Amino acid sequence: MREAEGKGLDPDRAPMTIDAAIRLQERAWALLSERKLDEAFNAAREALHLIEACEGPASPDAANLLNDLAEIEIERQRFEAARALAEKAGLILEGLGDRFTGDDAARIRVKTFDLLGEIGRVQGDYEQAEAEIKKALAIAANELGEASEEVANARNSLGVLYKFSGRFEEALTLYERALSTLTAVYGDGSLEAAVLYHNLGGVLHAKGDAGKAEAYGRKAWDISRRHLGNDHRRAILDASAYASILDALGRYDESEPIYRRALTLLQDLLGAEHYEVAAILHNLAAVSVARGRFAEGENDYRRALRIKETVLGEDHPDTALTRNNLGRLLIQAGRSGEGLALLQKAVATLEKRLAPGHPHRMIARRNLEEAIGSFTDSG
């Protein structure tokens with residue numbers, strides 16, 4: 001979120017100090033857009049120090065800058081630090097209570113809860129994430145109106161969470177409502193609408209309707225590369241999401257070059273140890289396995305698993321998903337001992353972290369049972 005979605009600093013208080021803080025905040029936003037994350041963090045932190053010296057540590061402007069810092073920490077994959085910053089912003093806003101009202105106040109509160117929801121989702125704490133995003137949605141609807149962009153964005157955030165949680169029909173409904181709002185404001189071919197086309201393609205793919213998903217995925221990619229160019233991070237991620245739909249359709253000749261290009265570009269843009277790199281490696285490994293290149297697939301799964309363990313933790317559902325796929329590959333390759341151990345660990349995580357009906361949980365359990373059966377038969 002940037003200024004258009006939140007609130008800049010109030011220039012009417014202590015003008016010289018506020019002016020300096022505004023410049024630093026705007027510099028932080030610019031640096032963040034350029035992915036100069038350390039510099040962005042330093043600029044936002046310096047702005048916060050100026051505001052705290054001028055207004056005290058519990059002002060609306062301080063809360064706003066804490067949100068900015070939390071957003072930068074999310075980009076740096078420092079999720080616990082991001083949570084602490086967003087929670088501090090929330091405590092400030094709670095303390096201000098009815099002394100801080102109006103649209104700007106609502107937008108800052110919505111951003112705080114949305115950030116906390118995003119952090120919870122990324123860390124696999126889906127129940128807590130849902131509570132936070134629902135707070136954001138309620139504030140946006142009550143104070144900014146059902147037709148507001150903030151309501152659409154909160155619905156989208158909740159839809160993303162429900163997709164990860166396996167609640168596909170609820171996610172689909174939320175995405176459709178958000179898309180209706182955003183297309184009314186920005187148009188069918190806007191970047192804002194493309195976010196929803198990307199997500200609609202993703203949830204339809206997850207539901208098993210790759211045929212219907214393809215049109216949405218392709219549209220998201222077409223819009224993002226038209227507006228931003230083929231080498232922009234967002235266009236690359238849209239391309240990769242579209243490639244995963246192509247995989248479901250068995251069109252590996254089309255998907256594999258997309259993944260390989262995305263991997264090269266994302267490693268340059270984000271670094272070799274970024275989660276998005278791991279996601280590409282996971283999908284590329286699946287393509288290699290489907291095409292009979294098992295050693296290549298194993299190498300990519302192992303690299304993806306190592307990155308996810310570092311970024312997300314060993315006990316995360318997404319980490320377990322890669323562990324499951326690697327274990328299944330090793331079982332197929334006749335390396336039953338290591339493969340079975342990986343499948344058992346994956347199932348333990350998924351059955352602890354996901355609801356009983358989640359497809360990833362059920363697939364992993366089936367893979368484990370089949371592996372045990374084949375292991376027993378061969379013994």
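What follows is a tour of loops, ring contacts and helix pairs, in that order.

Before you click anything: this is a predicted model, where local features need pLDDT of at least 70 and side-chain atom pairs count only at pLDDT 80 or more, while totals for chains, interfaces and linings use all residues. Residues are numbered from 1 along each chain as its sequence is written, and side-chain values use heavy atoms, with hydrogens and water left out.

**Stop one: two loops**

Select Arg35. You'll find it in the loop between helix 1 (15–33) and helix 2 (37–55); helices here are DSSP runs (H or I, at least four residues), numbered from the N terminus. Look at the backbone: Arg35 has a positive phi of about 60°, although it is not a glycine. Is Arg35 buried, exposed or partly exposed? With a relative accessible area of 21%, Arg35 is partly exposed (buried means under 20%, exposed over 50%, partly exposed in between, using a 1.4 Å probe and protein chains only).

Now jump to Gln77, in the loop between helix 3 (60–75) and helix 4 (79–96). Gln77 isn't a glycine either, yet its phi is positive, at about 60°.

Helix 3 is largely enclosed by the rest of the structure, because 15 of its 16 residues are buried.

**Stop two: charges over rings**

Show the side chains of Arg76 and Phe41. The charged end of Arg76 sits over the ring of Phe41, 4.4 Å from its centre. The test for this is NZ of Lys or CZ of Arg within 6 Å of the ring centre and within 35 degrees of the ring normal. For another example, pick Arg167, which lies over the face of Tyr162 at 3.8 Å from the ring centre.

**Stop three: aromatic pairs**

How many aromatic pairs does the structure hold? There are two, a pair being rings of Phe, Tyr or Trp (its six-membered ring) with centres within 6.5 Å; planes under 30 degrees apart count as stacked, over 60 as edge-to-face and the rest as tilted.

Select Tyr197 and Tyr216: the ring centres are 6.2 Å apart and the planes are at 20°, so this pair is stacked. It links distant parts of the chain, with Tyr197 in helix 9 (residues 191–207) and Tyr216 in helix 10 (residues 210–228), 19 residues apart. Tyr197 counts as buried at 3% relative accessibility, whereas Tyr216 is partly exposed at 24%.

Next, pick Trp221 and Tyr242. This pair is tilted, with 5.7 Å centre to centre and 40° between the planes. Trp221 belongs to helix 10 and Tyr242 to helix 11 (residues 233–248), so the pair ties together parts that are 21 residues apart in sequence. Trp221 and Tyr242 are both buried.

**Stop four: helix against helix**

Switch to cartoon and show helix 9 with helix 11. They pack at an angle of about 25°, with their axes 10 Å apart. Axes are lines fitted to C-alpha atoms, for helices over the stretch in contact, and angles run from 0 to 180 degrees between N-to-C directions. Helix 9 and helix 11 are therefore roughly parallel (under 35 degrees is roughly parallel, over 145 roughly antiparallel, 65 to 115 roughly perpendicular, and the rest oblique). Their crossing is left-handed, meaning the near helix is turned anticlockwise from the far one by less than a right angle.

Then bring up helix 7 (residues 149–165) and helix 8 (residues 168–186). Here the angle is about 155° and the axes are 8 Å apart, so the two are roughly antiparallel to each other. Helix 7 passes helix 8 in a left-handed crossing.

Finish with helix 15 (residues 317–332) and helix 16 (residues 336–353), whose axes come within 8 Å and cross at roughly 155°. Helix 15 and helix 16 are roughly antiparallel too, and the crossing is left-handed.

While you're there, click Asn325 in helix 15. With a relative accessible area of 19%, Asn325 is buried.
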